[in-house]
Amino acid sequence: MDTHYTATAKLLHWLIALMIFGMLGFGFYMTGLDLSPTKLELYSWHKWAGVTVFVLVLVRLAWRIGHKPPALPAHMPAIERLAAHAGHHLLYVLMLAIPLSGWLMSSAKGFQTVWFGVLPLPDLLAKDKALGNLLETVHFVLNYTLIAVLLGHVGAALKHHFIDRDDVLIRMLPRRKG
Amino acid sequence: MKRIALALLASFAFAATAAHAVEYGKVQPDKSRIAFDYQQMGVAMQGTFGKFVSELRFDPAAPQSASARIEVDLASVDTGSEEGDEEVARKTWFDTKGFPVARFESSAVKPLGGDKYEVAGKLTIKGTTRDVVVPATFTVQGGSGVFEGALTIRRGDFSIGEGAWKAFDVVANDVVIRFRITAAAR
Ligand code: HEM
């Protein structure tokens with residue numbers, strides 16, 4: 001049995017990882033700016049990129065359902081297996097919930113999301129200031145939760161590589177030639 | 001013959017006064033509304049002005065003598081976000097401290113047939129006065145007269161949004177002001 005993830009799974013993993021790190025920095029940076037045309041432009045780009053992440057995550061989930069990942073190393077105790085599965089599930093939930101909360105927040109605030117200025121996303125919520133502010137908090141809290149889970153995720157990957165010295169990190173990396 | 005003529009005259013006079021009697025002039029603020037549409041990053045946005053006073057005199061039988069005056073309290077703007085409301089009060093936008101009120105004053109009303117009218121007048125915002133022609137309709141709804149219309153202005157004409165906002169790529173130049181003024185008969 002192949003011990004590596006599929007090339008598609010790897011591509012989606014690293015593409016989404018890169019975009020999410022970018023989005024986190026982008027999000028915190030732009031919200032700190034004073035209102036200006038630049039800020040409005042950055043907000044739009046944040047929304048467009050975030051919707052792109054959402055779509056990529058849907059593709060990734062569809063791929064994941066059809067392609068079982070390689071089994072976890074045999075040396076892992078039950079508690080670590082549980083933590084790994086719970087962590088990965090939580091990551092999927094957050095990767096969907098964060099852009100979704102952003103989209104809903106935008107609708108509730110009365111700022112429709114038009115993907116790259118071309119494709120208008122339906123407003124699933126009517127304009128409602130209080131709800132908009134609540135969803136802003138939800139987006140914010142989910143992002144902090146994501147940061148915490150990501151720290152655990154990266155920490156676990158590094159532990160596997162440097163302490164357990166197993167192939168858990170390697171199998172998500174591009175295959176070495178030869 | 002003379003008596004018939006007199007009676008006819010009298011009935012004409014009566015008809016005329018009867019028609020004139022229906023002058024809509026008691027503005028009902030709770031049924032009146034001023035909103036505006038604009039484009040931000042190509043996305044349609046809506047805002048409203050919560051406070052305005054309007055005077056209206058409109059007699060459907062004598063539209064030419066109608067008049068309207070609307071004064072909008074610019075501090076009552078609702079752009080959809082608090083940050084936006086604070087921003088438009090600044091000097092670069094409305095300069096609400098210096099120019100707290102925007103005013104429309106009609107000078108002539110021209111009937112276009114049916115419910116349609118053209119209201120010419122002067123619009124003053126931020127110290128700039130411009131002649132505008134507002135297409136409007138007048139209908140009677142539930143015993144009240146309803147004046148409705150929309151006017152597209154260019155924010156640049158009134159120096160609304162200066163400095164960094166002067167370019168129209170993020171916030172478009174065209175702004176549609178939509179109004180609905182409801183007035184009961186006097
Ligand atoms: C992977 C997806 C996303 C990530 C990681 C992300 C991350 C962030 C972060 C870190 C912030 C700053 C939080 C704060 O300081 O309040 C933020 C703010 C924001 N995000 Fe996202 N976001 C994502 C997707 C989206 C989407 C899809 C939308 C809308 C369609 C969106 C709309 C917003 C808005 C409007 C704000 C500003 C909230 C405010 O005004 O304070 N986000 N985002």
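How do the residues of the lining of the second largest pocket divide into nonpolar, polar and charged? Keep that in mind; we'll get there after a look around.

**Before you click**

This is a predicted model, in which local features need pLDDT of at least 70, side-chain atom pairs count only at pLDDT 80 or more, and totals for chains, interfaces and linings use all residues. Residues are numbered from 1 along each chain as its sequence is written, chains are lettered from A and ligands numbered from 1 in the order in which they are written, and side-chain values use heavy atoms, with hydrogens and water left out.

**Stop 1: chain A**

Select chain A and colour it by secondary structure. You'll find four helices and two strands, in the order α-α-α-β-β-α along the sequence. (Helices are DSSP runs of H or I with at least four residues, strands are E runs of at least two, and both are numbered from the N terminus.) The C-alpha trace of chain A spans about 50 × 30 × 25 Å along its principal axes.

**Stop 2: the second largest pocket**

Stay on chain A and select A:Y5, A:A84, A:H88, A:H153 and A:M172. Of the 47 residues that line the second largest pocket, these are the closest to its centre. The pocket has a volume of about 1,400 Å³. Now show α1 (7–31), α2 (37–66), α3 (78–109) and α4 (129–164) of chain A, the elements that each give two or more residues to the lining.

Back to the opening question: the lining has 29 nonpolar, eleven polar and seven charged residues. (Ala, Val, Leu, Ile, Met, Phe, Trp, Tyr, Cys and Pro count as nonpolar, Asp, Glu, Lys and Arg as charged, and the others, Gly among them, as polar.)

How is a pocket found? On a 1 Å grid over the protein atoms alone, a pocket is an open set of points where a 1.4 Å probe fits, with protein on both sides within 12 Å along at least five of seven lines; lining residues have an atom within 4 Å of a point. Grid points are joined across faces, edges and corners, and the volume is the space filled by probe spheres set on the points.

**Stop 3: where the chains meet**

Bring chain B back into view. Here 17 residues of chain B are in contact (heavy atoms within 4.5 Å) with 16 residues of chain A. The area buried between the two chains is about 1,400 Å², with carbon and sulfur atoms giving 64%. (Buried area is the accessible area, with a 1.4 Å probe, that two parts lose on being put together, summed over both.) Pick out B:M41, B:E83 and B:W165: in chain B they lose the most area to chain A, together 35% of what that side buries.

Next, look for two salt bridges across this interface. (A salt bridge is a side-chain nitrogen of Lys or Arg within 4 Å of a carboxyl oxygen of Asp or Glu.) One joins B:E83 and A:K39 at 2.8 Å, N to O. Another joins B:D78 and A:K129 at 3.6 Å, N to O, running from strand β6 (residues 77–78) of chain B to helix α4 of chain A.

**Stop 4: B:E71**

Now zoom in on B:E71, in strand β5 (residues 67–73) of chain B. Its side chain makes polar contacts with those of B:R69 at 2.9 Å and B:R103 at 2.8 Å. (A polar contact is a pair of N or O atoms within 3.5 Å; within protein, one must be able to donate a hydrogen and the other to accept it, and residues adjacent in sequence count only if both atoms are side-chain atoms.) Not counting residues up to four places away in sequence, B:E71 touches B:F52, B:V53, B:V101, B:A102 and B:R103.

**Stop 5: B:T139**

Finish at B:T139, in strand β9 (residues 128–141) of chain B. The side chains of B:T139 and B:Q141 make a polar contact of 3.1 Å.
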